Amino acid sequence: MSRCYKIAVFPGDGIGCEIIPPAVSVLELMGKRFGCQFAFDEGVIGGAAIDCFGTPLPEESLRMALNADAILLGAVGGPKWEGMPYAVRPERALLGLRERLGLYANLRPARLFPALVNASTLKREVIEGMDLLVIRELTGGIYFGKPRGVEPYDGGERGINTEVYTTPEIVRIAKVAFETARGRRRHVTSVDKANVLEVTELWRRVVSDVHKDYPDVTLSHMYVDNCAMQLIRNPKQFDVLLTTNLFGDILSDEAAMLTGSIGMLPSASMGTDATGVRRAMYEPIHGSAPDIAGRDIANPIATILSAAMMLRLSFGLENEATCVESAVMGVLDDGCRTADIASNGMQTIGTKAMGRRIIEKLATLGHL
Ligand code: NAD
């Protein structure tokens, strides 16, 4: 009897509700074809949860997340909830899940599919063959540091956020980077602003110390402003990019655009909760895209590729993950495009149709 994997599914808001169903269908098909069982439990988070329960992360959804073997998430947020205090905004659901599940390592692969070389705004020779992985620290830094807030000041106000990293936080994310690099091209670029920020001077020192245990991996350091420039100038120089929460957030969006669209980039968030249980959550790197929500034009590929990462990293189903990636590549090779990755004059299809084409392609792949 094959093992049954429990997957908590949180579509969230905006296009989250459109991109999750195709990814769930892909997982269902993979389960049927490979004889594994996936049990899906769907919960409400973000703005939808604020509307129903008055809180972005209801206890019931948190319980669902804690009971699952892995989590598949769409996106949260939207203009409807923008005026609310930070402590109860939709985005708090994400920070709450990351914090409660101890998801400290965010893996964001940015790989250019050959068929999309013309979808990128950069020249073919600059991006062809690009394959990098951003490893972003996810539970520390300025998104969580205290003090924070806005307070009265000198007749006006002042806003405060604090960038904090401790040695153990840097050690554990650096280990993830060096270990992951061993399965790739064995080079880590650690990104900081050590010339100005003491906290990242510590980051640089600790990463260099951890590196001593990984002599088979090369390490270089780069300032974040230079890295933002180098990503556009010569992205192929990078293998693993290791960086802080804030810098990783920004650089991975930049890396996403190199691949043609933010709608192409999956992510995995990994860690260990307070009880020592290993946890993982998979989601596209983009947000809820309110500007295109409800129009069946969002690209579901980032979410489908996130489901592939789940198969590989949470369930050890390497062949199955590769099949999903091959199906995506096959559909792109066939010329199918959602609007965000369509070149001039190309026929475009919607979210549901793209999901269907990927499912059809999966069903025809000979090596399944
Ligand atoms: P966004 O990523 O939602 O959208 C940025 C741009 O990319 C938009 O033009 C959008 O149409 C486009 N886009 C995004 N995903 C796409 C897809 N799959 N297919 C085609 N085009 C796509 O970022 P934003 O506009 O800055 O934020 C919108 C909301 O999402 C905000 O409330 C923000 O806080 C939230 N957000 C949530 C997450 C998350 O849930 N992980 C991440 C980022 C932003």
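# A tour of the predicted model

Start with D131, R184, R185 and D239: select these four and you see a network of salt bridges. Keep in mind throughout that this is a predicted model. Across the structure, the count comes to 20 salt bridges. Side chains of opposite charge can pair when their charged atoms come close.

Select R186 and D216. Their side chains meet in a salt bridge, 2.6 Å from N to O. R186 sits in the loop between α6 (167-182) and β8 (187-192), and D216 in the loop between α7 (198-211) and β9 (218-223), so the pair ties together parts that are 30 residues apart in sequence. R186 is partly exposed, at 36% relative accessibility. D216 is partly exposed too, with a relative accessible area of 32%.

Next, pick D225 and K193. This is another salt bridge, with the closest N and O atoms 2.9 Å apart. The pair links distant parts of the chain: D225 belongs to helix α8 (residues 224-233), while K193 is in the loop between β8 and α7, 32 residues apart.

Now go to helix α3 (residues 59-67) and select R63 and E60, which both lie in it. They are three residues apart, about one turn of the helix. Their closest N and O atoms are 2.7 Å apart, in a salt bridge. R63 is partly exposed, with a relative accessible area of 40%. E60 is partly exposed at 42%.

## Across to S252

S252 lies in helix α9 (residues 245-258). With 0% relative accessibility, S252 counts as buried.

What does S252 contact, beyond its neighbours within four places in sequence? Show R108, V134, L265 and I285. Then zoom in on R108: its side chain and that of S252 are joined by a polar contact of 2.5 Å.

## The two domains

Color the chain by domain. The domain assignment gives domain 1 as 1-108 + 262-368 and domain 2 as 120-258. The contact takes 15 residues from domain 1 and 19 residues from domain 2. The C-alpha centres of the two domains lie 24 Å apart.

The size of an interface is often given as the accessible area lost when the parts come together. Here domain 1 and domain 2 bury about 1,500 Å² between them, 63% of it on carbon and sulfur atoms. Select Y104, N106 and R108. These supply 45% of the area that domain 1 buries against domain 2, more than any other three residues.

How many salt bridges are there between domain 1 and domain 2? The count is zero. Polar contacts do turn up: the rule finds four residue pairs across the interface, both residues at pLDDT 80 or more. On the side of domain 1 that touches domain 2, show α4 (91-101) and β4 (105-111), the elements that give two or more residues. By class, that side of domain 1 has eight nonpolar, three polar and four charged residues.

## The loop between β12 and α10

Move to the loop between β12 (278-284) and α10 (301-313), where A289 is found. D296 and N299 are in this loop as well.

Begin with N299. N299 is buried, with a relative accessible area of 4%. Its side chain reaches the backbone nitrogen of I301 at 2.8 Å. Beyond its neighbours within four places in sequence, N299 contacts I19, G263, M264, H286, T338, D340 and I341.

Most residues other than glycine have a negative phi, and most peptide bonds are trans. D296 is partly exposed, with a relative accessible area of 30%.

For the last stop, select K146 and P147. A cis peptide bond joins them, with omega about 5°. P147 is in the loop between β5 (131-137) and β6 (149-153).

Note on methods:
Residues are numbered from 1 along each chain as its sequence is written. This is a predicted model: local features need pLDDT of at least 70, side-chain atom pairs count only at pLDDT 80 or more; totals for chains, interfaces and linings use all residues. Side-chain values use heavy atoms; hydrogens and water are left out. Domain bounds come from an automatic or database domain assignment. Contact means heavy atoms within 4.5 Å. Buried area is the accessible area (1.4 Å probe) that two parts lose on being put together, summed over both. A polar contact is a pair of N or O atoms within 3.5 Å; within protein, one must be able to donate a hydrogen and the other to accept it, and residues adjacent in sequence count only if both atoms are side-chain atoms. Helices (H or I, at least four residues) and strands (E, at least two) are DSSP runs, numbered from the N terminus. Ala, Val, Leu, Ile, Met, Phe, Trp, Tyr, Cys and Pro count as nonpolar, Asp, Glu, Lys and Arg as charged, and the others, Gly among them, as polar. Buried means under 20% relative accessible area, exposed over 50%, partly exposed in between (1.4 Å probe, protein chains only).
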